[in-house]
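Dear colleague,

Please find below the structure for your review. My findings follow it.

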Amino acid sequence: MSEFRMPSLGADMEYGTLVEWRMKPGDEIHRGAIIALVETQKGLFEVDSVVEGIVERLLVDPGSRVPVGTVMATLLQPVEKPHRPRASPLARRVAEELHVDLATVQGTGPEGAITRDDVEAAASQSGMASAAEPTSLPAPKVKPPGPSPALALEPTTPSAALAAEPSGPPATPEPRGPGPAAAGEPAQSAERAAAMRQAIASAVARSKREIPHYYLATDIVLERALAWLEAENAKRAMADRVLPAVLLTKAVALALTRYPDFNGYWIDGAFRPGGSIHVGLAVSLRTGGLIVPAVHDTDRKSIDELMGEMRDLVRRAREGGLRVSEMTDATITITNLGDQGVEQVFGVIYPPQVALVGFGSVTERPRAENGLLGVRPTVTATLAADHRASDGHRGGLFLNEINRLLQTPERL
Amino acid sequence: MTEAEIRDAVLRVLHGIAPEIDLATLEATANLREEADLDSFDFLNFVVRLGEALHVEFAETEFARLTTIDQIVANVAARQKSGPARPDRNGALF
């Protein structure tokens, strides 16, 4: 049997309100299925399942506001796994420490045996996944099940690590009205905006309290990238055009494949690689505040796929319909304030991530090359990075790699 | 279409993208992206939906000239008289 708990969408989230169930007892749940709609400080989210099973019981009624980690439903496993995976004793010990289920780890050792590295890689991955669906972690045995804030303090998941503030929420669920209020009511939207402000305040305060940021900046000439884009876009229908932001995002993702030390999390005093590259995009909301949904496997997607996904993400960030998995597993963040005209942005790292890349506006600037002055479209790329996880030298190489990639746009 | 009808359609599309802005106080001669706080994705959506609503196709190189409500209305009105407007290479790149 496993459990579905109120997911955490980040450091700052303490409560969520179940708006509606998208499943009923007896339903078979597959990975990725939308199982519930949840309202948080950051808006409405679809909860997509990261486990499979058959719904046994629903424990929370729509309209209830419960702390993160509250068991909301129980699931039966269709097939139990008695098989004991091959793993070294060290890997088993590390797995126990990190609360990793060895059955879910892909071994890369001799004859598929699971190594310590495999476990650690799985921990950083499933840490993210379990933020969306904590049932993939074994429940703490000593603690009674139920709505205890302690469940949200499990330090193995990045977002839960963030939630481990001394000031915990009260332990009892707070019923809150019969259901979600209609969006657009002034009192409701003011309340929502205040909640969003609080969520951002707690995340950035934590970031600046704990992360020793260092900052680097470099100017990148975009003459080739924009010329290539213009030629590409001339072949396309208006709706299929690609924006420069897509090239910048892809360049960052590809640079991370060479500099993986900027892709991941700082947890419990150590860097944990993100494994896959899921670039979070800082999207400002029209009603105030911002939200950072992730583009999954950014490095492996074509420019056209990325354009489609980024447009869709920005739209859903503003209009609703983001999924929990998109909100919990970004491995790095990009902010693109340049859209509104500023030339440089030095960002605040979203903990427990270790880096944030900022792009300012693309403007024509004078530039000396081979003793001659020319005017080139230029963007300032900045890096805010966690000095615990990397040093400025590596940061400089990472920014230079982004620059290098943008000089051959046809290969992005 | 009269200019008034075009203007009406432009504002309707804009309202769909940025429902919270007050169309009554929107300056027709001010930079639309700044006035309505549109980022590059919003602006692309705006131009695409505008194209659908008015049955026109804007060239990428024209985007830079579509910075105010008045310019957009004038652009669409001019197309009705003499076909597509000429591209302009100056202006915003994003």
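How many residues of chain B are in contact with chain A? There are 14, and they meet 20 residues of chain A, where contact requires C-beta atoms, placed from the backbone, to lie within 7 Å. The side of chain B that touches chain A comprises eight nonpolar, two polar and four charged residues.

This is a predicted model, in which local features need pLDDT of at least 70, side-chain atom pairs count only at pLDDT 80 or more, and totals for chains, interfaces and linings use all residues. Residues are numbered from 1 along each chain as its sequence is written, while chains are lettered from A and ligands numbered from 1 in the order in which they are written.

Chain B contains four helices and zero strands (DSSP runs of H or I, at least four residues, and of E, at least two). Of its 94 residues, 28% are buried, that is, with 20 or more other C-beta atoms within 10 Å of their own.

In chain A, helix α6 covers residues 244-258. Because 13 of its 15 residues are buried, α6(A) is largely enclosed by the rest of the structure.

Yours sincerely

Notes
Contact = placed C-beta atoms within 7 Å. Nonpolar A, V, L, I, M, F, W, Y, C, P; charged D, E, K, R; others polar. Buried ≥ 20, exposed ≤ 12 C-beta atoms within 10 Å, placed from the backbone. Expected span 1.5 Å × (residues − 1).
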